[in-house]
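Hi! Here is the structure I promised to pass on. Have a look at it, and then read my notes below.

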Amino acid sequence: MECASNIRLPVINLTEEILRSGKDSWTEARNIVTRAFEEYGCFIAVHDKYPSEVSDSLFSELQDLFNLPLEIKVQNTSQTPLSGYARPRPNVNLYESMCIEDATNLEAVEKFANQMWPSKNNHFCELFHCYANQVAELDKMVSKLVFESYGVEKYHESHVGSVTYNVRFIRYRVPEQNEMNVGVAPHTDKNFITILQQNETDGLEVQLKNGSWIPIDFPPSSVVIMAGDVFSAWSNGRVHSPFHRVTMNGKERHSIAQFAYCKKLVETPTELVDDEHPLLYKPLDNFGYLRFLSTDDNFNTPNPLKAYCGV
Ligand SMILES: O=C(O)CCC(=O)C(=O)O
Ligand SMILES: [Fe+2]
């Protein structure tokens with residue numbers, strides 16, 4: 001379907017300065033963030049978790065990372081589905097990615113970096129460990145805003161304790177003349193919240209509830225914050241987990257996606273269930289859901305979340 005050009009995603013200011021400027025500004029952020037998740041499943045966030053020069057350094061490191069020989073990159077392996085090195089393959093031949101699991105943990109970042117650069121790369125370790133932790137802070141703040149907005153903040157601490165962050169680095173090469181411009185095909189994310197950062201190249205698009213697609217144009221100084229299927233299930237279907245895709249427009253694109261996954265069983269708070277909102281999903285195991293999706297049949301089923309844990 002064509003892009004609906006006149007609608008743009010909300011841009012929300014989540015800087016400390018705004019959020020700390022008074023109770024009203026926090027309450028307002030709570031409302032607009034929750035409304036954006038319900039209507040679009042995502043929004044663009046302006047933040048001050050790291051200065052914009054950090055983005056330049058991140059993407060310059062990624063250039064070096066992706067330029068490493070294939071035999072080095074394939075050493076990024078994992079037992080977890082959707083983790084580890086993903087090489088270009090039929091239908092996703094512009095896409096290449098690598099992943100650090102548990103990236104807020106310095107040892108995990110060092111393990112990854114030591115595989116890529118056996119002669120050590122301290123700058124990479126410091127930069128990405130710090131980045132992952134700053135983005136984690138943003139993620140926790142955003143989930144807190146939503147938990148409070150739904151009046152279920154008493155579950156937030158336990159949620160935060162359950163989250164683990166995977167950081168995925170992605171490179172999309174420019175399509176050749178005879179190739180399709182699909183960077184990533186339409187999909188929903190299979191986690192709680194995803195926070196995305198890109199170099200100066202747009203290409204991400206999101207599907208609105210009416211079926212039309214809109215581009216998400218955002219500078220490296222802001223991020224896209226997106227709900228995944230697990231967040232939607234937790235909220236008893238209030239939060240929308242949007243289909244999104246990447247369409248290439250002639251320039252190499254790099255992005256960094258930080259996925260918040262839940263280690264503990266995710267249960268819909270009883271406060272979010274009533275006669276008007278009957279329970280939609282049984283308690284769900286996020287990594288169990290990933291394993292469920294690792295067969296083609298389950299992955300391609302029209303509503304995998306419902307198939308996995310629908311009531
Ligand atoms: O590269 C992007 O902007 C989006 C990547 C994405 O949707 C994903 O990795 O799930
Ligand atoms: Fe995605």
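**Strand E6 and its partners**

Strand E6 pairs with strand E11 (residues 253-262) in the antiparallel sense, over six bridges. (Strands, E, are DSSP runs of at least two residues and helices, H or I, of at least four, numbered from the N terminus; two strands pair if DSSP finds at least two bridges between them.) In that pairing, isoleucine 195 sits opposite glutamine 258 of E11. E6 also pairs with strand E9 (residues 222-227), again antiparallel, over four bridges, with threonine 194 opposite methionine 226.

Before you go on: this is a predicted model, where local features need pLDDT of at least 70 and side-chain atom pairs count only at pLDDT 80 or more, while totals for chains, interfaces and linings use all residues. Residues are numbered from 1 along each chain as its sequence is written, chains are lettered from A and ligands numbered from 1 in the order written, and side-chain values use heavy atoms, leaving out hydrogens and water.

Is E6 (residues 193-198) mostly covered or uncovered? Mostly covered: six of its six residues are buried (under 20% relative accessible area, with exposed over 50% and partly exposed in between, using a 1.4 Å probe and protein chains only). Ile193, Ile195 and Gln197 point one way, and Thr194, Leu196 and Gln198 the other. In a regular strand, side chains alternate between the two faces of the sheet.

Now find serine 241, in the loop between helix H8 (229-234) and strand E10 (244-247). Serine 241 counts as buried because its relative accessibility is 12%. Its side chain makes a polar contact (here, a donor and an acceptor among N or O atoms within 3.5 Å; residues adjacent in sequence count only if both atoms are side-chain atoms) with the side chain of aspartate 229, at 2.6 Å.
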